[in-house]
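These are my notebook entries on a single chain.

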Amino acid sequence: WNGWGYNDSKFVIKEGPEVYFSGKRYLIGELRLPHIAGWVRDTFNIDIGVQKPKKIQELPNEDKYPKPNITDEVLEQINKLGISYSTKVIDRLIRAHGQTLHEIYTIQNSTFERIPDVVLWPTCHDEVVKIVTFAQENNIVVIPYGGGTAVSGAPECPKHESRTIVCLDTSQMNRILWLDKENLVACFESGIVGQDMERELKKLGYTSGHEPDSYEFSTLGGWVATRASGISIIFYLDRHFPYLFPRM
C-alpha cells in the first residue's frame, strides 16, 4: 500500500557498508554490489552506512483517512449490481494514488484528504457498463484503476469533490478473449498485467513487442489510456505497427 515492487526484492545495507539486492526475481538478486556505497557518497554526499531508513508502518492508521462518503441508499443499489465491492480503508487507500514522488511522500509522511469511497471489481465488459450506468444515474464519480503504476496523478481524487467517488478496479478483467493468427491481432481484457499478457502470448508463439518500465505491474488498459511506450517498441516497430482498438 505504500510503494511499488515486490516485498522480497530490495536493496539491503549491512555493516561496512556492504550493499546487496535481496530476492531472486532479478539478475542482480543475492549479489554483492561493492561500489554502490561509494557512488552514493561521492554523488550525493550521503554516507549510507550511518543513515537509518525511516521505518514504515505495516498497515495504515485508519483514523487518518476519511470515512466513505456514501449513503445507505447508494450502498443498497451497489449490492443489487451483484459486483464485488469494498469500503475498507486499506482497499480504498491502495487505489487512491499512483507512484509519483509526491504521492509516495504523501502516503508515507502525511495523508490524502480524499480517497475513493468504494472500490468495485467488475469481471467483464457488461459489468463495467452496469457500473457506469449506475454512476451516471446517481451523479457519482468513477475513477478507473489498473496496476497502480501511474506517474501522471490520474488515480488521485480531487480533494474538494463532494460527490461519491467509485474506484473501478479492472484487475479481475485479465483474460485473453481471442487471437487472430492471420492478421496478428489479439483481444485482451483491459485489466491484464503486462507480464501476464506476454506469458499468454508466448504460449501461442507470439509477443506484443511492448515493454514499458512498469511491465511487471501495469495493465494493458493503463497503457492505452496513457499512450505508454517501452524499450522493446523500437525493435518491433520496424516489423509491425500495433493498432489498439479500445472497446468503449
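**Entry 1: a pair within a helix**

I began with Asp196, which is partly exposed because its relative accessible area is 30%; buried means under 20%, exposed over 50%, and partly exposed in between (1.4 Å probe, protein chains only). I note that the model is predicted, that local features need pLDDT of at least 70 and side-chain atom pairs pLDDT 80 or more, while totals for chains, interfaces and linings use all residues. Residues are numbered from 1 along each chain as its sequence is written, and side-chain values use heavy atoms, with hydrogens and water left out.

I found Asp196 in a salt bridge with Arg199, the closest N and O atoms being 2.6 Å apart; the term requires a side-chain nitrogen of Lys or Arg within 4 Å of a carboxyl oxygen of Asp or Glu. Both residues lie in helix H6, 3 residues apart, about one turn of the helix. Helices (H or I, at least four residues) and strands (E, at least two) are DSSP runs, numbered from the N terminus. Arg199 is also partly exposed, at 43%.

**Entry 2: other salt bridges**

I counted 10 salt bridges in the structure. One of them joins Arg95 and Asp169 at 2.5 Å between the closest N and O atoms. This pair links distant parts of the chain, 74 residues apart: Arg95 sits in the loop between helix H3 (89–94) and helix H4 (101–109), Asp169 in strand E6 (residues 165–169). Arg95 is buried at 12% relative accessible area, and Asp169 is buried at 2%.

I also recorded Glu161 with Arg163, at 2.9 Å from N to O. Glu161 counts as buried at 18%, whereas Arg163 counts as partly exposed at 34%.

**Entry 3: the loop between H6 and H7**

I located Ser208 in the loop between helix H6 (194–203) and helix H7 (220–226). Its relative accessible area is 17%, so Ser208 is buried.

Not counting residues up to four places away in sequence, Tyr215 touches Val193, Gly194, Gln195, Glu198 and His210, contact meaning heavy atoms within 4.5 Å.
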